[in-house]
Structures are given as structure tokens and as C-alpha cells.
Amino acid sequence: MLKQIVDRVDRILRRGKPRRIPASEHGIDRRNVSRHAIKVCEVLQQHGFQAYVVGGAVRDLIAGVEPKDFDVATDATPEQVKPLFRRARIIGRRFRLVHVVFGAEVIETSTFRAAGSSGQSTDAHGRLLQDNVFGSLQDDAARRDFTLNALYYDPHTEEVIDYHHGVADLKQRTVRIIGDPQVRYREDPVRMLRAVRFAAKLNGTIEPATREPIAALASLIENVPASRLFDEMLKLLTCGHAMDCVRRLRQHGLHHGLLPLLDVILEQPGGERFVELTLERTDARVRSGKSISPAFLFASLLWQQVNQRWQTILAQGQPAIPALAEAVDSVLAEQTDKLAIQKRFVTDMRDIWFMQPRFEKRSPRFVWRLLEQPRFRAACDFLQLRAAAGEVDSVFAQWWMDLADASDAERAHMLDDLSRQPEAAAADAPKRRRRRRRKPAPTDGQAPAGAA
Ligand code: ATP
Ligand code: MG
């Protein structure tokens, strides 16, 4: 409490002057900073520019988390940055910045911006339509979203420049918006989702004034372009704390009507277990440094909805594959409209879903064909998830996993064994009445052979 008062007085007295926090206080070990980001700062500084590592990387380094990537902020314009590096390109039309490329690592280098100043164009709700006006370091700090994201690390002096008490907030794991919360959320409603994500990631809290307007302004998210929402949702779901994010979204009243996907995730009766399993697994993967396939993630999150509709259509007497196709189409039509799931992900999601009924058919000819499908491995992982949720038999799911991991010779053995166990093969037969087809069916992956 006392600390908060001292901080507040300090904020007022310093007005405009940043704190320069030494390494002994912020605790960043220079060896954990990308040498390429250091290089970019050094080159720019040698040419008389200001240059700092900024944003998420500084936040994560202070919090003891390994940063995903390193960004640099500078007072040099993109045209001044580009010629200083051998491999650099100017990107972005609206928000122009420079990608400085070092092998696989790209250092995103942006010029200080001044946003929120008068004369900036906004939509009727106050949403900023452009933020491409160059400014000073102080302007740049003020246009950032949260105090803990407005920190600038100087690799030369090893100081962190802090205009908004971000280091103190970070040490207290407090997410505090810079400026007037109402205005800042209206400028960019995505900041509400970001507040939740950072609080979850830090296992911290959203400061009361920052939290307070969220419930009332949540509907502004509807005005955000779908592609941005998709990127932000993906970040939220793959930050390693998705379960916690989802729990917090619910707490903040951000779970209803925000996105159809969230409605599905959070409000589906009976679907919770599947979603929970998906998010738990995703979190575990992220935390152990493994990659996440967005297609797999979205296929999992939407599966309950697909499955429910599929079962309903099946009950009306339609054959399995056309019924599944109808269910998939209707779910995707609803979701992709608002969320703009990218086409390449949608293609993979379909492959994963349409392979599910094909697992039921374990005659050698079908199995060998299925093994050749490019999405076989993902579909097989998906089957494990369904087994964990109690939707399919776990011995059956494990058989497919073993098959996926086996050599061709071992696979032949497994199929041989299976043909000698008629009861196992019979267990594959779904409860519903099957129609037998003799004709070879199409093999385009969308209408798999013989699965009906
Ligand atoms: P992470 O990459 O771990 O998700 P990040 O903080 O790096 O977190 P980015 O989206 O990469 O997030 O943004 C980089 C920086 O740009 C942020 O740290 C913040 O300073 C600023 N920023 C990003 N989005 C916004 C926004 N919507 N409003 C204001 N500033 C933002
Ligand atoms: Mg980042």
C-alpha cells in the first residue's frame, strides 16, 4: 500500500522523465539477450541513433521467461535503418517497419511512434485507424498498451528506461494500462484480450482501474478486423496458460458473445471436458518448448460442435461421410466468418476431422491408404484426444498410435494379428447400421472410401 502511494507520487514528480533502472535492479542478464538484437542496437547507436530492445522481450526477460522474439525501437526512420544492414527489408503498408534478417532470426525494428495525439483518425467508437506518426521515445512509450510492455533495454549501458513504472508493476505482476483505460480500450479493443493474456502469463492480476471498464466495453471487440482477432486468439490459446486465460475471460465477462469460438469453448454443455483436455495438452506442449499446430488446436476446440451436429444429422438417417461434411460446413461457416481462420488451417482441420470415421475401418487395404495421408499423424493425435475424453475406446486409439510409430514390417505384423482377432475387428463396427459398398469410392480425402 505504502509502496503504491510512493510510486504514485514518484509518477507525478517525474512527469515526463523516465527512470533509468540499472541491471542490479531489473536483473536482466545481457547473455540472455539475442546477440542479433544487440547487434542491431549497436549499429544504430554507432550511427548516432537511439536504439533499444523493447516490448515483450524486455518484459519476459525481467519476469524470467524466455522471450519468443526480440524487437528493437529506434528514432531512425525505416529508410535510415535499411541501408545499415546487409539483409533488411521494409515491410508493412500501414505500419512500416524494418525486418533485419540474421539467418533464421528476424529482428523487427520499428521507428518510435506517437499515437493517440489529436488529429489521429478513429472510427465512430474511438478505434484508432492508423498509428504511423513518428514521435519521440517518450511518445513511443505512451502509445504502448501496458506499463510492463513499455520498457526499453539499452544493451550498451544495460539500463532499462521506464517512463510508466513498468518494472515496479512487473515485479508486482500487475497489468496496468497506460493512460485512460476507457480511451485506450476504445482505441483498440484487442487490448482487453491482451490484458487477460498478460495477467495469466505472469500469474498476476489486472490492476482495478484497468480491469473495471472491460465488462462494459467487451462488445467493442466486434469492430476489430477478423484477421487481427484471429492472431490475438491464437496468441491467447498458445501462450502456455490458455486454461487460465479462459478462466479469466469468464471472470471478466469477456466470454459471452465475444467470439463464436469462445462461446463454443466456454459455454458448451458436455463439451467442457474435451476443451479442457485440449487446452491442458496445449499448455503442456508450449511449456515444454514444443510447437503447436493451429489447425490441430482449432480442430480440437471446434470438435464438440462438429460432433454434436454430426450425430444429429446421423440420427436423421444420413450416411456418415455426407453427414460429417454437412456438420463441418455449418460449423466452419459460423466460425470463419468472425474469426477468419486462415484457409490453409481450415484445409488441415477438415483433413483431421474427415479422417476420424476412417479409423473405424481397419482392413489392410484401407489402413495402408490412410497411412499415406499427409495429415495422418495429426489425425491420429486427434484420435488420442477423443479417447482421453472417453469418446472412443482407448485400446483402439492406442493401436493406431502404435501403428503410426511402427516400421512398415511391424505394421504388416499388426495388421496380420488383427485379422486373426475377429472380435477386435468387429469392435470397429460402429453402433449404427452400416451400408456396404463394393465399388471403390473416391480417394480425394474429403469423401473417404468405405467409411460409411
Ligand atoms: P508476445 O509477443 O509475447 O505476445 P508482446 O508484448 O511482444 O507479447 P506484441 O504483439 O509482439 O506483444 O507487441 C510488441 C509490443 O508492441 C508490445 O509489448 C507493446 O509494447 C506494443 N503493442 C502491441 N500491441 C499493442 C496494442 N494493441 N496497443 C498498444 N501497444 C501494443
Ligand atoms: Mg512480441
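**Cores and ligand shell**

Modeller: Not counting residues up to four places away in sequence, Leu44 touches Phe49, Ala51, Val72, Thr74, Ala76, Val81, Leu84, Phe85 and Thr109. Please bear in mind that this is a predicted model.

Biologist: Which residues have the most contacts inside the largest nonpolar core?

Modeller: They are Leu44, Val53, Met349 and Trp353, and this core has 96 residues.

Biologist: Which helix gives the most to this core?

Modeller: Helix α16, residues 294-315, gives the most, with 11 residues. The core also draws at least three residues from each of domain 1 (1-172) and domain 2 (294-427).

Biologist: What lies apart from it?

Modeller: Another core, of 22 residues, lies apart from the largest one. Among its members are Leu371, Ala387, Trp399 and Ala404.

Biologist: And where do nonpolar side chains tend to be in soluble globular proteins?

Modeller: In such proteins, they tend to be buried together.

Biologist: Let us change topic. How many residues surround ligand 1, and which are the closest?

Modeller: Ligand 1 is surrounded by 16 residues. The closest are Arg59, Asp188, Arg191, Arg197 and Lys235.

Biologist: Which helices each supply at least two residues of that shell around ligand 1?

Modeller: They are α4 (56-63), α9 (190-201) and α12 (226-237). The largest share comes from α9, which supplies five residues.

Biologist: What lies 3.0 Å from an oxygen atom of ligand 1?

Modeller: A polar side-chain atom of Arg144 lies at that distance. For Arg194, a polar side-chain atom is likewise 3.0 Å from an oxygen atom of the ligand. With Gly56 it is a polar backbone atom, and the distance to an oxygen atom of ligand 1 is 3.3 Å.

Biologist: How much of ligand 1 does the protein bury?

Modeller: The protein buries 85% of the 580 Å² that ligand 1 exposes when taken alone.

Biologist: Now the whole chain, please. How many helices and strands are there?

Modeller: The chain has 23 helices and 10 strands. Of its 452 residues, 51% are buried.

Biologist: One last point: what share of contacts between residues at least 6 apart in sequence join residues at least 24 apart?

Modeller: Within the chain, that share is 67%.

How values were computed:
Residues are numbered from 1 along each chain as its sequence is written. Chains are lettered from A and ligands numbered from 1 in the order in which they are written. This is a predicted model: local features need pLDDT of at least 70, side-chain atom pairs count only at pLDDT 80 or more; totals for chains, interfaces and linings use all residues. Side-chain values use heavy atoms; hydrogens and water are left out. A nonpolar core is a set of buried Ala, Val, Leu, Ile, Met, Phe, Trp, Tyr and Cys residues joined through side-chain atoms within 4.5 Å. Buried means under 20% relative accessible area, exposed over 50%, partly exposed in between (1.4 Å probe, protein chains only). Helices (H or I, at least four residues) and strands (E, at least two) are DSSP runs, numbered from the N terminus. Domain bounds come from an automatic or database domain assignment. Contact means heavy atoms within 4.5 Å. A residue is near a molecule or strand if one of its heavy atoms lies within 4 Å of it. A polar contact is a pair of N or O atoms within 3.5 Å; within protein, one must be able to donate a hydrogen and the other to accept it, and residues adjacent in sequence count only if both atoms are side-chain atoms. Accessible areas come from the Shrake-Rupley method with a 1.4 Å probe; for residues, only the protein chains shown count as cover.
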